[in-house]
Every structure is written in C-alpha cells, then in structure tokens.
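Keep the structure in view while reading.

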Amino acid sequence: MTDPASPPQGPVRSAPVAGAPAKEATPAAEAVTLPAQARRRTRVPSNRFLARAAGLTAVLTVAGSLLGLVRDQALAHFFGAGPDTDAFLVAWTVPEVASTLLIEDGTALVLVPAFSLALALRVAGSTGRDPVHELVRYTLPRFAAALALVAAVLIAGAPLLVDVLAPGLPDPRTAVDCTRLTATCALTFGLTGYCGAALRTHRRYVSPASIYVAYNIGIITAMVVLGSYGGWGVRSAAAGVAIGGGLMVLVQAPFVRSELRARRTVAVPEGDRPADAGTTTGKGLGRRLFAPAMLGPVLLFALLRQSQVLIERFLASELPAGAISHLNYAQKVAQVPMVMSLMLCTVTFPVVAQALADGDTEQARRRVERDLALAGCIVLIGAATVIAAAPQIVGLLFERGAFTPADTAATADVMRVYALGLLGHTLVGALIRSYFSAARTTWYPAAAMAAGLTVTAVAGAFASGVWNLPGVGPLPGAGILGIAAANALGITVTAVVMLLGLSGRTVPIRTGTVARGLAGLTVAAGCATGAGLLAAAPFDNAVAGLACCALCVVTVFVAVAHVLRVRDVTSAVRTLTTALATATRKLRHVR
C-alpha cells in the first residue's frame with residue numbers, strides 16, 4: 001500500500017530570496033546546492049491534494065488527541081487534582097519541552113530541509129554515494145549520542161530541576177521520581193523526531209502522524225496496570241511516558257529502514273536529470289548536507305516558546321494545591337483547536353520551501369496567506385466553541401472519580417481565558433515555518449518569542465498575586481486566571497511581532513491584507529461565541545448543549561464572516577470539507 005500523491009520534495013538550497021536582507025537571512029549552509037538544471041522541475045501540488053494530505057494527518061492527530069484526553073481522564077480519575085497530580089505535572093514538563101524541541105517546532109525545521117536536499121540530489125541523478133545514506137550516517141549517531149547524554153544529565157539532576165521548576169511543592173520526592181522516569185524521553189523523542197523528518201520528506205505521512213496514538217496508549221496502559229494493580233501510584237503515569245516514548249520510535253523505525261533500503265526517488269523523466277548532478281557527491285557529503293547553523297535560532301525559539309509552560313507552573317506552584325492541575329487540564333483541551341488548525345501548515349511547509357528555493361516568492365506568498373486564513377478560521381471557530389461551552393466540555397471529559405464539580409468549574413474558567421490566546425498560538429505556529437522554510441538563519445523569531453515571554457512572566461507575576469513586594473507583601477491578583485490571561489497576552493504579542501516582521505525577511509506577504517482578514521475573523525468569532533452561549537444555556541444535558549452550541553457557532557461564524565466580506569472564508573470551508581471527506585477514505589490505502 002502507498003501514500004496518496006504528495007507535493008514535490010523541498011526545500012532545496014539556492015540563491016538568496018529576493019527582498020530578504022542579508023543580515024537577517026544568511027545561508028544556513030552553502031557547501032551543497034542543486035545544479036541549476038535540477039531546479040523548477042516540480043509542479044505545485046493542488047489544493048485538493050493538500051487538503052487530502054492534511055486530512056489524513058488530521059485523522060490520526062485527532063485519534064492521538066482523543067487518546068490524550070482519555071489519558072487526562074484516567075489521570076483525573078485515579079489521582080484527581082491534588083498534590084500527587086501536581087508532582088507528576090512538574091515532571092510532565094520534561095516531555096512537553098522535549099516534544100516541542102525534538103518532534104514539533106525544533107529539529108524538524110532543520111532536518112526536513114536537510115533530508116529534502118539529500119533526496120533532491122538523489123533525484124537529480126547522483127552517481128556516487130547515496131546522499132540520503134550519507135546524511136543518516138553523519139547525523140544519526142551524533143544525534144543519538146547527544147540525546148543520550150542529555151537524558152543522563154536530566155536523570156542525575158532531577159532534584160535540582162524540580163526545585164527550579166516548582167520550588168513551592170510541599171513534598172518534592174514524588175516529583176523527583178517522576179522526573180527521572182520522564183527524562184528518558186530526551187532520547188526517545190529525539191529519535192522519534194528524526195524518524196518523522198525522514199519519513200515526511202519521503203512522502204510517508206501515516207506512521208509519523210500516528211506517534212501520539214502509540215504514546216498515549218503506553219501511558220494509559222501503564223496507569224491502569226502499574227497504577228491500579230502495581231501500587232506505583234502517580235509514578236505509573238511517569239513510567240508510561242518512558243514506555244510511550246519507546247513505542248513512538250518503534251512505530252516509525254521499520255518504515256525508515258524500508259525507505260533507506262529502497263533508495264526510493266520521486267519519479268523524474270530521465271531526460272530531466274542534469275548532466276552535472278554527480279558533482280555534488282563525494283566524501284563528507286553528509287556533513288555538507290546538514291545545516292547546523294540553523295540549530296541555534298530554531299532550538300532557542302522552540303525552548304522560549306515552551307518556557308511559557310515553565311513560567312505558568314513556577315507561578316502556580318505558589319498557589320493552593322490543585323492549581324497546576326487545573327491549568328494543565330484547561331490547557332490540554334483548549335489547545336485542541338490550535339493543533340487541528342496547524343495540520344495544513346505542516347503539510348504545506350515543503351511547498352513553501354520549494355517555492356522559495358525556486359525563487360517563486362509570489363507562489364510562496366499566496367500559499368502562506370491562504371494558510372493563515374484557513375488556520376485562523378479553524379482556530380477561531382474552536383475558540384468560540386471552547387469559550388461558549390467550557391463547563392459542558394470539562395464536565396463530559398473529566399468530572400468523574402476524584403475530579404469534583406468544583407474542579408470542573410475552576411478548570412472551565414481557566415480554559416475560557418486560555419482560549420483568548422489561541423489565535424496567537426496558531427499564528428506563531430504557522431509563521432515559524434515560513435521563517436525557516438528557506439533554510440536560512442534568522443534570529444528574529446527567537447527575539448519575538450523572548451519579547452512575548454517577558455510579557456507573560458511580568459504580567460503573570462502581577463496578575464496571579466504571587467509577587468511579593470518588600471514592605472508591601474503579595475499583590476492582589478486573580479490567581480490561576482491571571483496566569484492564563486498572561487499566557488494569552490504574551491503569545492499574542494509574539495504573534496503580532498512575527499507577523500509584522502515576516503514580509504521583509506522570508507515571504508513577502510501583504511501584512512495589511514492578512515491583518516484585516518484576521519480582524520474580520522475575530523469579529524465573527526466574537527459574535528459566534530455570544531450565539532453559542534445562548535444556544536447552550538437552555539440544555540441540562542451536556543451533550544445536547546455542546547452539540548447545539550457547536551452548530552450555532554459554526555453557522556454564525558460563517559454568516560458574519562460573509563457579511564464582513566472576509567476573504568478566503570468560502571475557500572477555507574471548501575478545503576475543510578474536502579479534508580474531512582477524503583481523509584477517512586484514503587486512510588485504508590496508505591501505510
């Protein structure tokens with residue numbers, strides 16, 4: 001079985017993009033470039049294909065997210081929202097940071113261009129050593145050794161790490177034990193991200209998209225077996241992280257091995273192969289394919305982005321027991337619309353990169369503007385639904401066992417505040433791919449993230465009421481609601497700064513046009529939220545209330561957006577319909 005048709009391999013490194021200042025966009029690597037004859041030989045994939053590929057990824061992502069909710073339900077059922085859960089969630093910071101750095105926004109932005117260039121060289125007719133094999137031989141052993149060292153350091157330094165992350169915990173011993181178990185993910189998540197980059201570049205989508213299904217199955221199984229019957233308590237969830245990390249590697253490793261052995265290439269007519277392709281081969285090719293200069297700005301950005309969670313938990317550790325748990329449950333549910341909105345951006349990342357590599361900035365601009373509009377539609381519809389039906393959502397998902405109605409009310413309030421920042425989170429996730437799609441080094445996104453993080457830290461300290469002033473004592477604040485509001489404010493600042501800076505650095509988007517479109521979508525989401533609140537109110541049954549609310553939100557959102565003449569709304573709805581209609585049908589035909 002095979003994957004559906006996919007976009008051309010990309011990006012390939014070429015001349016600097018027109019309009020990108022040299023001081024902000026220096027080449028990440030100049031040792032290997034494609035011969036001139038090899039460029040402009042791939043066609044731009046259709047919107048229908050992109051919708052199908054995004055839908056396929058979305059199906060498996062939804063499955064992983066649903067299992068993630070089951071995982072959180074099991075955690076709430078077995079351990080509630082008390083000190084033990086708080087201790088585990090401090091340790092949970094390690095896999096959260098590792099997933100961002102090693103699977104999602106971090107190394108993928110570096111490895112995908114490297115594998116894309118290696119495949120492009122293979123397609124161009126390399127007659128020497130296989131570029132993909134050379135890249136793997138050079139990078140994988142070094143990558144694995146570095147990750148193993150990081151995991152060992154985290155395990156040894158777990159007591160210090162817990163003290164830094166949550167100094168207010170009454171008994172840190174449980175958190176230290178959990179942290180030592182979750183620290184193994186530094187190795188397993190890194191290998192997972194490596195395999196995923198290789199497979200996506202080879203146009204294999206299913207196994208990389210299924211990693212969180214395997215991961216959450218491992219955690220849930222460990223909690224049931226070790227927690228319920230083995231007497232491990234909340235440490236069983238941490239053991240599940242270690243087990244789930246190993247499963248993520250296992251679901252991808254056989255396909256990576258198969259692709260490497262097959263030496264598969266994109267179908268290219270023999271006459272299109274450039275005569276001088278063999279000049280790019282030779283000893284040391286793997287070292288020259290890799291772009292280590294991009295690691296610094298990419299990893300710094302990813303680390304700063306994930307540091308928002310560290311700040312939240314640091315501040316929440318000074319609040320009454322259960323505060324970290326309420327923040328965690330609220331964040332997990334509120335972020336589901338954001339995750340779904342970024343599916344298309346994940347698929348179109350190589351498309352934008354290929355356009356920039358070919359010097360087609362107009363194609364890149366159209367693609368990025370369309371992606372921002374579509375992602376904005378999805379996330380704002382989700383945010384409106386979350387705000388309007390927060391009590392019903394939390395009650396359905398978590399209110400059972402040790403999770404009380406008081407926990408439901410507290411979590412729903414926090415979730416509503418978190419949802420105010422969902423558009424900012426989505427824009428940051430979409431824009432970062434555009435900044436690095438040309439495989440060029442820029443520190444601007446990291447600077448923008450640092451500015452937003454500073455806003456989050458300062459606003460959170462004031463708004464939560466945990467800041468003690470000499471001679472004054474703690475300032476009055478809103479507790480965990482203040483922390484959630486600071487998160488929304490900080491990420492919104494980052495999104496605005498990144499949106500304003502993109503045009504002059506990588507993709508020349510029409511910033512004013514994009515901003516006006518997003519403003520119109522935001523107005524539509526506000527109207528839809530009010531309608532959703534009114535629609536859900538009459539129902540005592542949570543399921544009926546949530547269903548009516550969701551239907552009303554979508555209807556009002558689309559209607560208001562059309563009245564405001566927001567561009568791309570009709571196209572966005574058509575793309576979503578195509579994705580949902582074709583993804584399930586195509587799933588059985590792919591591996």
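Leu-102 sits in helix H3. The model is a predicted one. With a relative accessibility of 12%, Leu-102 counts as buried, because the cut-off for buried is under 20%. Leaving out residues up to four places away in sequence, Leu-102 touches Thr-107, Leu-147, Ala-186, Phe-189, Gly-190 and Gly-193. The C-alpha atoms of Leu-102 and Thr-192 are 7.8 Å apart in space, although the two residues are 90 residues apart in sequence.

Leu-102 also belongs to a pocket lining. The second largest pocket holds about 660 Å³ of space. Its lining has 25 residues, and the closest to the pocket centre are Leu-101, Leu-102, Leu-147, Val-150 and Leu-299. Which helix gives the largest share of this lining? That is H5, with eight residues. At least two lining residues come from each of helix H3 (93-102), H4, helix H5 (131-156), helix H6 (158-165) and helix H14 (295-316).

## Overall make-up

The protein has 26 helices and four strands. Of its 591 residues, 58% count as buried. Take the contacts between residues at least 6 apart in sequence: 83% of them join residues at least 24 apart.

## Aromatic pairs

How many aromatic pairs does a search of the whole structure find? The search gives eight. One of them is formed by Phe-115 and Tyr-194. This pair is edge-to-face, with 5.6 Å centre to centre and 80° between the planes. Phe-115 belongs to helix H4 (residues 108-123) and Tyr-194 to helix H8 (residues 185-201), so the pair ties together parts 79 residues apart in sequence. Phe-115 is buried at 1% relative accessibility. Tyr-194 is buried too, at 3%.

The rings of Tyr-435 and Tyr-444 are arranged in another way: they are stacked, because their centres are 5.9 Å apart and their planes are at 25°. For stacking, the planes must be under 30 degrees apart. Tyr-435 counts as buried at 1% relative accessibility. Tyr-444 is buried as well, with a relative accessible area of 17%.

One aromatic cluster consists of Phe-88, Trp-92, Phe-189, Tyr-212 and Tyr-215. Phe-189 is among the residues that Leu-102 touches.

## The largest nonpolar core

In soluble globular proteins, nonpolar side chains tend to be buried together. Here the largest nonpolar core has 147 residues. Those touching the most other members are Leu-75, Phe-88, Phe-115, Met-415 and Phe-557. Helix H18 (residues 361-388) supplies the largest share of this core, twelve residues. Where does the core lie relative to domain 1 (47-262) and domain 2 (318-524)? The core lies between them, because both domains give residues to it.

Phe-88 links two of these topics. Phe-88 is part of the aromatic cluster and is among the core residues that touch the most other members. Neighbours within four places in sequence aside, Phe-88 is in contact with Leu-75, Cys-178, Val-234, Ala-237 and Ala-238.

Gln-252 lies in the loop between helix H11 (235-250) and helix H12 (253-262). Is Gln-252 buried or exposed? Gln-252 is buried, with a relative accessible area of 0%. Residues up to four places away in sequence aside, Gln-252 touches Thr-192, Cys-195, Gly-196, Leu-199, Ser-207, Pro-208 and Ile-211.

Gly-68 lies in helix H1 (residues 47-79). Gly-68 is buried, and its relative accessible area is 7%.

His-562 is found in helix H25 (residues 542-563). His-562 counts as partly exposed, because its relative accessibility is 43%.

The table pairs residues that are separated along the chain and gives their C-alpha distances.

| Pair | Separation in sequence | C-alpha to C-alpha distance |
|---|---|---|
| Gln-252 and Ser-207 | 45 residues | 5.6 Å |
| Leu-102 and Thr-192 | 90 residues | 7.8 Å |
| Gly-68 and Ile-217 | 149 residues | 8.7 Å |
| His-562 and Leu-521 | 41 residues | 9.8 Å |

Key:
Residues numbered from 1 in each chain as written. Predicted model: local features only at pLDDT ≥ 70, side-chain atom pairs only at ≥ 80, totals over all residues. Heavy atoms only, no water. Phe/Tyr/Trp six-rings, centres within 6.5 Å; stacked < 30°, edge-to-face > 60°. Buried < 20%, exposed > 50% of the residue type's maximum accessible area, 1.4 Å probe, protein only. Core = buried A, V, L, I, M, F, W, Y, C linked by side-chain atoms within 4.5 Å. Domains from an automatic or database assignment. Contact = heavy atoms within 4.5 Å. 1 Å grid on protein atoms, 1.4 Å probe; cavity = no way out; pocket = protein on both sides within 12 Å on 5 of 7 lines; lining within 4 Å. Points joined across faces, edges and corners; volume = space filled by probe spheres on them.
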